[in-house]
Amino acid sequence: MSDNIQEIEIDVAVVGGGPAGMAAALEANKIGANVIIIERDNELGGILQQCIHNGFGLKHFKEELTGPEYAQRFINEIKKSNIDVWLRTMVINITPTRFLTVINPKRGLIHLKAKSIILAMGCRERTRGAINIPGMRPAGIYPAGQAQRFINMEGYLPGNRVVILGSGDIGMIMARRCTLEGMKVLAVAEVLPYPSGLVRNRVQCLDDYNIPLYLRHTIIDIRGKERVEGVTIAQIDEKWRPIPGTEKYYDCDTILFSVGLIPENELTSQAGAVISSNGGPEIDEFLQTTIPGIFACGNVLQVHDLVDWVTEEAQFVGKNAGLFALDKFPGRKKLKKPICVVPGENVGYVKPERIEYRDEISNITISFRVKNPRSNIRTILTSNGKEIYTKRHRFVLPSEMIHLTPKLKLELIEDEIQINVVEKDQTVNIIEKELMEEK
Amino acid sequence: MTKQPYDIAIIGGGVVGGAIAQRLSKYQLSIALIEKEEDVAMGTSKANSGIIHQGYFTTKGSLKEKLSLRSNTLFDEICPKIDVDFKRIGAIFCATNEKELKTLEGELKESQDRGVQVQLIQDPQKIHELEPQLNDSVIAVLHFPKAGIITPWELTIGLVEHSIMNGLQVYLGFEVAYIKREKQIYQINSVKGDVIQARTVINAAGLYADTIAKMIGDDSFNIFPRRGEYIMFDKNSMPLQKIIFPTPNVVSKGIVVSPTMHQNFFVGPNANEIDSKEGINTTTQGLNEILQGGLKLVKQLPFRKHITNFAGLRASTLVHDFIIQLSKLPHFINVAGIDSPGLTSSLAIAEYVEEILKNECDYKFIEKRNYLPTRKRQLRYSDLSESELAQKIRENPQWGNIICRCELVTEAEIVEACHGLIPITNTDMIKRRLRPGMGRCQGGFCLPKIMKIISREQGKIYEQVTKMGKNSHIVYKRTKNLCSEVFQGERL
């Protein structure tokens with residue numbers, strides 16, 4: 001380390017001051033650790049600050065809040081605490097030995113030596129290029145979250161006539177937002193045979209505003225040299241090929257993409273942690289990555305559908321990372337060989353991917369998402385072919401993360417646990433589910 | 001613009017126009033570079049393979065053969081002078097059957113006749129060592145070690161900036177409407193009614209070179225746009241050693257898999273004749289075609305790691321060679337039909353044009369006494385060590401504000417670019433100079449911040465900051481009837 005660089009020692013360094021980082025920092029602080037939150041933006045709150053719609057906090061606070069209100073409750077707590085908050089600060093490197101290099105315009109370049117690190121960098125939006133949509137490349141094509149930033153944070157309208165690809169939650173919420181701001185939303189197209197966001201968003205953001213949703217449709221052409229002038233969507237067949245004759249052309253100046261979120265793990269990889277197939281780091285039951293003392297929570301780990309779950313996950317991580325820093329880590333008795341937790345039938349991914357310790361095995365929460373919507377199913381956990389746990393579900397949807405606390409018993413488990421979602425191979429009737437929910 | 005006529009006006013701010021300007025700017029000549037877009041390198045020069053070829057698969061005796069061979073060697077001389085990165089990583093042509101092997105053997109002989117360094121490799125072990133990612137179906141490769149890669153718009157910007165340092169006048173947003181010649185002076189009129197006068201015109205207008213030539217009654221050639229589509233993949237998603245070609249067919253050198261100077265890699269281009277010179281759209285069929293083409297060369301393409309797709313247009317003619325000659329009017333030189341290997345040949349084309357000028361025009365080619373021999377590109381975050389960066393932030397806090405996370409670009413760099421030799425007016429100009437928005441998030445996070453910096457530095461109202469000039473507005477108006485404003489302050 002060169003002599004002109006300041007070095008600071010800290011118990012817990014939290015990378016990212018969004019909902020995950022804030023909840024984790026508070027929890028680590030509560031048990032007596034010194035905590036720094038490093039946030040690249042001008043304020044804490046992360047993406048919640050641009051989510052000015054309501055629907056946040058129903059589970060955690062038992063009341064309905066907007067994004068900024070939800071964030072503010074944590075910001076107020078942090079202000080009361082002795083947590084150090086570094087705004088406009090970017091982490092540019094993390095080493096496996098838990099050194100962080102951070103830069104800030106005022107403080108300069110600093111080395112932080114942390115006893116534990118909590119990764120809470122969130123996620124970024126999948127782009128048009130990532131899903132290989134053809135056509136021209138004019139202005140007027142935005143990820144839905146960026147349009148949300150333009151409207152809600154910067155106070156600018158990104159266009160007048162809008163077509164949205166993808167029925168992710170941000171896309172549907174932006175359909176409503178654009179409409180309320182006086183823009184005309186012509187259509188939402190979705191490649192899947194069902195909406196990819198929450199059902200409540202489809203009802204409250206599209207149906208209530210008579211915005212048509214075309215399932216199994218994609219964009220096959222974008223027109224306009226300087227600014228978008230139009231877009232053609234078409235239905236796709238089972239092999240995802242456009243079906244000739246189903247094309248619909250829209251005269252529009254704006255296209256929003258809401259086609260998924262990707263955990264932002266460049267720093268995680270730099271630190272040498274293993275990245276799992278879902279894009280987030282591979283973790284153990286304490287949400288520790290493959291690098292000891294580096295933990296992850298929130299959307300950097302797995303993309304959540306509700307911030308309330310992020311908070312819960314982050315509090316657990318905050319406690320673990322705090323205890324790790326104070327040399328009181330609850331995982332003490334390491335298993336001879338870790339137990340792998342793997343996705344089985346109709347399961348996209350599973351967190352955690354491995355169980356490392358015997359200590360808390362009966363309290364482990366497993367979260368996962370299904371690949372396809374199903375109704376009247378059972379979730380079955382098997383270990384080397386033997387069933388060790390089962391639970392019934394009326395409905396499962398890929399858009400809704402499933403959390404299980406199966407009260408695992410070590411004596412029943414061999415070297416692997418597989419999660420399967422099985423039984424009647426029946427696609428959920430979305431309408432039926434909506435009716436059920438409304439009742 | 002009732003100034004003295006320029007000695008030379010170059011129409012077209014692509015790599016060819018830039019190279020000619022750079023070549024001529026060492027002389028005591030007054031030169032104007034005229035470009036219809038708001039930046040240089042806006043046409044074919046910004047959407048091509050970025051490969052510096054080694055004379056292979058050119059017709060014997062053609063200008064393409066002669067100039068690409070000569071130009072390849074010039075990159076070692078020019079690139080360090082103008083501070084543009086260039087790497088000779090080598091290219092391999094792959095054969096997957098006996099017929100293709102025959103073609104490669106033929107080209108081996110021709111390349112040896114040209115005096116080019118080349119090897120034919122058939123030992124599977126050696127093929128694998130040369131490029132571990134190659135598909136197992138490849139039975140032989142023809143290796144050209146002196147082929148290289150470059151970022152084409154960086155080359156163009158470097159050439160033009162070096163020329164500006166030496167007196168070049170650049171007219172951006174100057175779309176030529178018509179040209180008249182009076183008293184041996186060309187009057188170049190723009191669509192907006194501006195006029196630039198010049199004694200000599202060099203027509204390097206790329207796709208529109210035929211349109212420009214027709215303005216003086218020269219209809220000796222037509223340009224037919226031939227589109228090539230590309231898919232760009234994320235940084236470090238597949239380590240490649242070499243530029244990988246299939247065995248070429250008569251139409252083109254085929255779909256390539258090649259690394260870029262910035263650790264990305266691409267597949268493409270295909271080759272389709274199209275009607276429109278503005279048809280830079282990609283298509284579903286085209287993107288499938290190039291993915292299939294790429295998969296014939298490498299074992300696999302990383303799933304979902306593509307970050308963008310784009311298309312460029314080759315300015316092709318029926319003669320299948322460059323057209324570099326005097327027009328029927330004196331002092332009017334056409335530099336047309338510069339399709340592949342056009343980027344490669346650009347530096348030698350400039351030399352060739354200089355020869356024509358020396359032979360045909362009555363200028364005195366006296367070198368400037370105050371000629372600045374080198375250009376230095378601006379300092380980048382990635383050039384700095386940690387302690388240098390620490391020092392930089394102390395001197396200027398804007399070095400401590402990272403705007404683009406994917407490509408690691410700081411506010412200080414963007415501010416400096418705003419006040420560069422070519423004034424920045426839109427966000428794509430920043431992207432081509434410093435790369436914010438070229439990474440995996442494609443500007444998802446940094447775009448509003450870059451708009452604020454341009455607004456502040458150029459005193460432009462925020463909603464007038466465009467993506468690429470003209471009508472390419474990013475936002476239209478304020479919400480809630482708020483007032484338009486120029487962004488001020490530090491909190492981006």
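Two strands pair if DSSP finds at least two bridges between them, and the strands themselves (E, at least two residues) are DSSP runs, as are helices (H or I, at least four), numbered from the N terminus.

Welcome to this predicted model, where local features need pLDDT of at least 70, side-chain atom pairs count only at pLDDT 80 or more, and totals for chains, interfaces and linings use all residues. Residues are numbered from 1 along each chain as its sequence is written, while chains are lettered from A and ligands numbered from 1 in the order in which they are written.

**View 1. A strand pairing between chains A and B.** Here E11(A) meets strand E23 (residues 477-478) of chain B, and the two pair in the antiparallel sense over two bridges. Look for A:Tyr156, whose bridge partner in E23(B) is B:Arg478.

**View 2. Where chain A touches chain B.** Chain A brings 44 residues to the contact and chain B brings 49 residues (two residues are in contact if their C-beta atoms, placed from the backbone, lie within 7 Å). On the chain A side, the elements giving two or more residues include strand E7 (99-104), strand E8 (108-119) and helix H3 (144-154). H3(A) gives the most, with five residues. That side divides into 18 nonpolar, 14 polar and 12 charged residues; Ala, Val, Leu, Ile, Met, Phe, Trp, Tyr, Cys and Pro count as nonpolar, Asp, Glu, Lys and Arg as charged, and the others, Gly among them, as polar.

**View 3. The surroundings of B:Gln458.** This residue is found in helix H12 (residues 447-458) of chain B. Leaving aside neighbours within four places in sequence, B:Gln458 is in contact with B:Cys418 and B:Thr425.
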